[in-house]
Each structure stands twice: as structure tokens, then as C-alpha cells.
Amino acid sequence: MTEESLRVPNLGEAQFDSPLQIDRWIADNERVLIDGVIDRAGAPHSQLAFENAGPRRKIFFDPARTDAAVVTCGGLCPGLNNVIQSIVRMLLLQYGLRRVYGALYGYEGLIPNPDRPLLTLTPDSVADIHTRGGTMLGSSRGNQDPARMVDFLVKNEISILFTIGGDGTMRGAQAIFEEISRRNLKIAVVAVPKTIDNDICYVYRTFGFTTAVAEATRALSGAHAEAKGAYNGISLVKVMGRDSGFIASYAALASSEVNFCLIPEAPFRLHGAGGLLDRLHERLMAKHHAVALVAEGAGQEYATRPGEVDASGNVKNGDIGLFLKDAISAHFRKIGFPITLKYIDPSYLIRSAPAAPEDAVFCIMLAQNAVHAAMAGKTGCLVGFWNSYFTFTPLALVAGKRRKVEPDGYLWSMVRESTGQPDLS
């Protein structure tokens with residue numbers, strides 16, 4: 001990583017006075033250090049830093065002559081409607097833009113289709129959407145031709161595009177930005193990172209994650225009651241986490257009722273002495289109940305379907321939850337040890353839930369900073385959250401990468417200590 005790789009692209013000189021009536025402006029030279037730790041022993045301290053997010057005194061676009069569009073892509077996540085609502089309100093009520101559009105069903109909405117016209121968004125049309133889960137704009141997965149999408153933006157006189165989505169969406173936004181740059185167009189592309197898995201690099205927290213952990217913790221409470229309600233009862237709960245186990249890790253800590261937590265980053269053995277089934281047997285012999293929590297991407301060496309990919313090009317995961325359910329049942333049946341097993345998969349209920357209050361506030365802050373970035377002429381960037389500050393981060397730095405739980409790191413050590421989980425590798 002270099003200073004150059006952290007520089008956010010800009011469409012040009014900002015010449016218009018911002019219409020915002022505020023007292024605190026952010027200067028373009030303000031930075032948020034990536035490394036927030038100081039070594040007082042005198043070791044060199046990295047000065048690499050992200051651009052501090054926030055409103056600029058001068059803006060690039062003339063609001064009265066500017067149209068913007070919003071698109072949501074990928075899977076559902078608590079807070080999507082909150083972000084849409086906040087972007088629309090900020091653009092129209094604070095900056096005074098001419099029009100704001102919503103593109104329907106992800107990037108497909110940026111391809112000409114008479115069945116999917118642009119939706120004109122107004123403060124009234126988004127007035128109560130924050131109370132509902134999902135996205136009022138619909139969503140989709142898969143790639144679209146960047147050239148056709150840029151043609152669509154040009155034809156509809158859209159000067160700002162806000163993309164809300166995860167890794168695949170970031171890659172798509174970067175491709176759109178590169179096509180716009182190749183044509184030397186003055187169109188801004190700003191992303192709001194959305195992933196319930198909290199796995200965007202250089203973004204400490206993504207919206208929806210806090211709600212997901214709260215909902216998963218509630219499911220674990222019920223799972224614990226089910227397990228204790230039967231002699232040798234086992235509750236197996238599956239949560240989201242395709243490549244990163246943050247939801248499982250935080251929910252295990254929050255519930256304090258999980259005995260085994262399985263995540264993609266920490267391989268585990270299923271059979272043999274010291275394997276999961278053996279340790280589960282030991283737990284039942286001692287306590288007569290157990291709760292196991294598994295992230296959907298864990299143990300894929302047992303469950304993956306080779307060669308199958310989804311619309312975004314990701315290898316399709318096998319269903320590790322159902323695999324473990326069958327494997328646990330078969331193992332205890334084989335050794336003649338009666339159990340009562342309950343399998344709980346709240347994944348789709350979690351991701352379609354409305355945002356919890358803390359997430360709702362976080363969504364507003366992300367959305368407003370995305371608008372500040374675009375109006376100032378920032379482009380090819382996302383709004384991040386790092387060291388308790390909101391940041392502007394180049395898309396090129398994060399697209400195609402994932403943040404993961406470190407198996408040797410502090411978070412996983414806390415999970416191991418909280419659950420009492422032995423080494424299953």
C-alpha cells in the first residue's frame with residue numbers, strides 16, 4: 001500500500017459553494033491514520049492514511065443542474081432502505097438536486113429495459129421505507145456490460161451514481177468508473193459498502209452487521225433453550241458468513257451459550273480423536289446438552305459442490321448446516337448414543353430484518369458521507385469506517401479483496417475462551 005494507492009480520484013476543481021448550512025467543514029487534506037497505534041519505544045510509525053470523509057465547503061456539481069441515481073445489488077441486508085432514504089433526503093432536501101432516480105433490480109436496472117424503467121425518488125416516496133427490511137429498489141446478482149451501463153447513464157443525464165452492495169458490487173462499480181474515466185466523462189461513482197458478513201477490506205464495520213449479530217444472538221437464545229430442554233440435546237445453528245466468520249464470532253461472544261463455533265477461517269476435523277464429533281460426545285457426556293454455531297462458509301472441504309458458481313462468479317457453497325446435521329445424527333446413531341438434535345437456520349430472516357436503531361443511525365451517517373463525496377467530485381471511491389472516523393477510500397484498493405477473522409488474532413482467541421472450544425484442527 002502506498003500514498004498513491006490511497007488517493008481518491010476527483011472529477012476536477014470544485015467551484016460551487018455548498019448550500020449546506022453548517023459550521024464544520026472538512027478540508028481535502030484531512031486524513032485518518034490507518035495505523036492508530038503509537039510505539040513509544042521509537043519504532044517507525046506508518047503515516048499512511050485515508051481521506052477524512054465529510055462535507056466540503058466547495059462542491060463540484062451545480063445542484064440545480066444535477067441528476068443522480070441509486071442502485072442496490074447482491075443479497076439483502078438490514079439497513080438497505082435506510083441508506084436509500086438518507087441518500088435521497090440528503091440530495092434533494094439539503095443539496096437541492098434536480099432529480100434522483102432509483103435503478104430497479106441491481107445493475108440490471110442500468111441496462112435499457114422497458115419493463116424496468118428508472119424510478120423517480122422523492123422524499124415522499126421514501127418516507128417510511130426505513131421501517132421495512134429488504135430494498136424498495138429490488139436487487140440482483142451478476143455482471144453487466146460496463147459500456148452499456150455508462151451509455152445508460154449518459155442517455156439519462158445522470159451525473160452521480162451511488163452503488164450499494166458488497167464485493168461483487170464494488171467490482172462492478174470499479175468497472176463503471178474505469179469506463180467513465182476512459183471516456184473522460186464527468187460522472188461520479190460512489191459506493192456504500194453493504195455486506196452482512198462485514199468482510200470489506202479497510203472497512204471496520206459495514207451496515208447491517210450489528211443487526212445481524214443481534215438477530216443471530218436471539219436465535220441462539222432459543223437454540224440454547226431447545227438444547228437444554230432434552231437429555232443429550234443438541235442445537236445446531238447456521239448463520240451467514242460465506243468467506244468470513246464475523247457474524248458467528250460476535251454472536252458466539254454475545255450469547256455466551258455457544259459451545260462450538262465453526263468459521264471459514266478456522267479449519268476443523270470432523271472425525272477421529274479430538275475432532276468435532278468426538279468433542280461433541282465429550283460435551284454431552286459431561287453436560288448433556290450442547291449448542292453448535294456454524295457459519296455458512298465453514299467446513300467447505302466437506303460440503304462444497306465442485307465446479308458450481310453463482311451469478312457473480314463465486315464458487316457455490318455446499319450446505320454445511322445440513323451436512324453437519326446428517327453427520328452428527330449418523331455418528332451418534334452409529335455409536336448407540338441417543339440424542340435429540342434441533343437444526344435452526346435463521347439466515348434469511350436475519351438478512352431481511354429491518355435495521356436495529358444503532359444500525360439505522362450508522363446508515364444515515366454512511367449515506368450522508370457518500371453524498372458529500374459525490375457532490376465534491378470524488379469518484380471511484382467508497383465510504384468506509386476506520387478508527388472511529390468515516391473515510392473516503394479508492395475502490396481499486398478494496399475491490400476483489402475480503403476482510404477475514406484472523407485465526408491467530410484477538411477476536412478468535414476471545415471466541416475460543418468464551419466457548420471453551422478446544423482445538424479442532
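Which residue has its charged end over the ring of Phe246? It is Arg403, 4.4 Å from the ring centre. A charge counts as over a ring if NZ of Lys or CZ of Arg is within 6 Å of the ring centre and within 35 degrees of the ring normal. Arg205 does this too: Arg205 lies over the face of Phe362, 4.0 Å from the centre of that ring.

A word on the model. It is predicted, with local features needing pLDDT of at least 70, side-chain atom pairs counting only at pLDDT 80 or more, and totals for chains, interfaces and linings using all residues. Numbering starts from 1 along each chain as its sequence is written, and side-chain values use heavy atoms, leaving out hydrogens and water.

Now the aromatic pairs. Rings of Phe, Tyr and Trp (its six-membered ring) pair if their centres lie within 6.5 Å; planes under 30 degrees apart are stacked, over 60 edge-to-face, and the rest tilted. The count is 11 aromatic pairs. Take Phe268 and Tyr302. Their ring centres are 5.6 Å apart and their planes meet at 40°, so this pair is tilted. Phe268 sits in the loop between strand E11 (260-262) and helix H6 (276-287), while Tyr302 is in helix H7 (residues 300-303), so the pair ties together parts 34 residues apart in sequence. Helices (H or I, at least four residues) and strands (E, at least two) are DSSP runs, numbered from the N terminus.

Are these two buried or exposed? Phe268 is buried, at 4% relative accessibility. Tyr302 is partly exposed, at 29%. Buried means under 20% relative accessible area, exposed over 50%, and partly exposed in between (1.4 Å probe, protein chains only).

Next, Phe362 and Phe385. This pair is edge-to-face, 5.3 Å centre to centre with 80° between the planes. Phe362 belongs to helix H10 (residues 357-375) and Phe385 to strand E14 (residues 381-386), so the pair links parts 23 residues apart in sequence. Both are buried.

Stay with strand E14, where Cys381 lies. Cys381 is buried, at 0% relative accessibility. Beyond its neighbours within four places in sequence, its contacts (heavy atoms within 4.5 Å) include Val8, Val189, Ala373 and Pro394.

Last, the sheet. Strand E14 is one of 9 strands in an open sheet with mixed pairing, in the order E2-E3-E15-E14-E9-E8-E5-E6-E7. Two strands pair if DSSP finds at least two bridges between them. At the edges are strand E2 (31-33) and strand E7 (119-121), each pairing on one side only. Inside, strands E5 (residues 67-72) and E6 (residues 99-103) run parallel, joined by 5 bridges. In one of them, Ala68 partners Val100 of E6.
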